[in-house]
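Subject: Structure for your review

Hello,

Here is the structure I promised to hand over. Please look at the coordinates first; my notes follow below.

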Amino acid sequence: MKTMTLLGLSGSLRKDSFCTAVLRTIQDRMPPGLELAIHSLAELPPYNQDDDGDAAPASVRDLRDAIADSDGVILISPEYNHGMSGVLKNALDWASRPFGQSALLHKPVLTMTASPAFTGGVRAQLQMNETLAAIPARTVLRAQTVIGAVHEKIQENRLADPVTIDFVMAGVGQLRDEIKRASDSRAVEPRQQHVA
Ligand SMILES: Cc1cc2nc3c(=O)[nH]c(=O)nc-3n(C[C@H](O)[C@H](O)[C@H](O)COP(=O)(O)O)c2cc1C
């Protein structure tokens with residue numbers, strides 16, 4: 001069976017970011033047949049429609065290519081002032097274009113948030129899902145993956161809380177299932193059109 005390639009994007013640029021640590025944990029624990037590449041958002045400029053189109057900056061083209069080449073995407077963001085980080089929103093704005101041809105269009109996406117607060121960034125995740133609905137990406141529908149008190153669950157840049165690890169990895173499994181469903185529905189679409 002072909003290996004599925006996932007792309008991980010963290011909304012935090014912080015060196016010791018808890019969010020990025022969660023992605024690294026997933027990377028370490030990928031089940032057979034799945035791999036995760038983490039793509040940094042550090043080089044992306046602030047979105048400017050004047051710079052979009054054929055002349056889009058190299059970092060933007062790299063991001064779009066990385067998304068297009070992946071089978072599915074994992075997004076994780078801290079909560080900044082009750083919203084997703086500006087870093088992630090900026091990346092999603094770049095990735096959302098060209099309009100109607102976004103690399104994220106119908107792409108299976110798993111969203112997660114993490115915060116030292118018990119709320120785990122749940123408000124940020126609502127915003128992420130709303131932004132993904134605008135594209136629209138194919139967001140995995142599950143109980144929200146919000147990691148509260150994350151500072152108590154990270155050791156040596158990895159998630160160390162077994163219950164949280166299990167819940168996060170179950171989400172990755174659901175992303176894999178969503179990728180399969182998306183692929184199966186693409187395979188039957190032409191026949192359905194023919195019958196109609
Ligand atoms: C500007 C700023 C705003 C923040 N606002 C919130 C917030 O609204 N809710 C929350 O739960 N945490 C908030 N925090 C705390 C972050 O969730 C926390 O710093 C988190 O660890 C950042 O993610 P990281 O470890 O991946 O960098 C805020 C932090 C910063 C720097």
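The largest nonpolar core in this predicted model has 46 residues, and those with the most contacts inside it are Val 22, Ile 74 and Leu 75. Leaving aside residues up to four places away in sequence, Val 22 touches Ile 76, Met 112, Ala 114, Ile 147, Leu 159 and Val 168. Val 22 belongs to the buried part of helix 1, together with Phe 18, Cys 19, Thr 20, Ala 21, Leu 23, Thr 25 and Ile 26. Helix 1 is mostly covered, with eight of its eleven residues buried.

Strand 6 covers residues 108-114, and seven of its seven residues are buried. Pro 108, Leu 110, Met 112 and Ala 114 point one way from the strand, while Val 109, Thr 111 and Thr 113 point the other way.

The pairings of strand 6 are as follows:

- Strand 3 (residues 72-77) runs parallel to strand 6 and is joined to it by five bridges. Leu 75 stands opposite Thr 111 here.
- Strand 7 (residues 138-139) pairs with strand 6 in the parallel sense over two bridges.

Next, helix 3 (residues 86-95). Its buried residues are Val 87, Leu 88, Ala 91, Leu 92, Trp 94 and Ala 95. They lie on the same side of helix 3, because they cover an arc of only 160° around the axis. An α-helix has 3.6 residues a turn, so residues three or four places apart point the same way. The buried residues of helix 3 pack against strand 1 (4-10), helix 2 (58-69), strand 3, strand 5 (83-84) and helix 4 (122-134).

On the ligand: 15 residues surround it, and the closest are Ser 12, Ser 17, Cys 19, Pro 78 and Ser 115. Helix 1 (18-28) and strand 4 (79-80) are the elements that give two or more residues to this shell. By class, the shell has six nonpolar, seven polar and two charged residues. Cys 19 is also one of the buried residues of helix 1.

Some backbone details are worth checking on your side. One joins Arg 97 and Pro 98, with omega about 0°, and Pro 98 is in the loop between helix 3 and strand 6. Another joins Ile 135 and Pro 136, with omega about -15°; Pro 136 is in the loop between helix 4 and strand 7.

The loop between strand 4 and strand 5 holds Asn 81 and His 82. Asn 81 has a positive phi of about 50° although it is not a glycine, and the phi of His 82, also not a glycine, is near 70°. Asn 81 counts as exposed because it has 8 C-beta neighbours inside 10 Å. His 82 is exposed too, with 12 other C-beta atoms within 10 Å.

Lastly, Asp 62 is in helix 2. Asp 62 has 15 C-beta neighbours inside 10 Å and therefore counts as partly exposed. Between Asp 62 and Met 30 there are 24 Å in space, C-alpha to C-alpha, and the two are 32 residues apart in sequence.

Regards

Terms used:
Residues numbered from 1 in each chain as written. Predicted model: local features only at pLDDT ≥ 70, side-chain atom pairs only at ≥ 80, totals over all residues. Core = buried A, V, L, I, M, F, W, Y, C linked by C-beta atoms within 7 Å. Buried ≥ 20, exposed ≤ 12 C-beta atoms within 10 Å, placed from the backbone. Contact = placed C-beta atoms within 7 Å. Helix = DSSP H or I, 4+ residues; strand = E, 2+ residues; numbered from the N terminus. Pairing = 2+ DSSP bridges. Arc of directions from axis to C-beta. Near = placed C-beta within 6 Å. Nonpolar A, V, L, I, M, F, W, Y, C, P; charged D, E, K, R; others polar.
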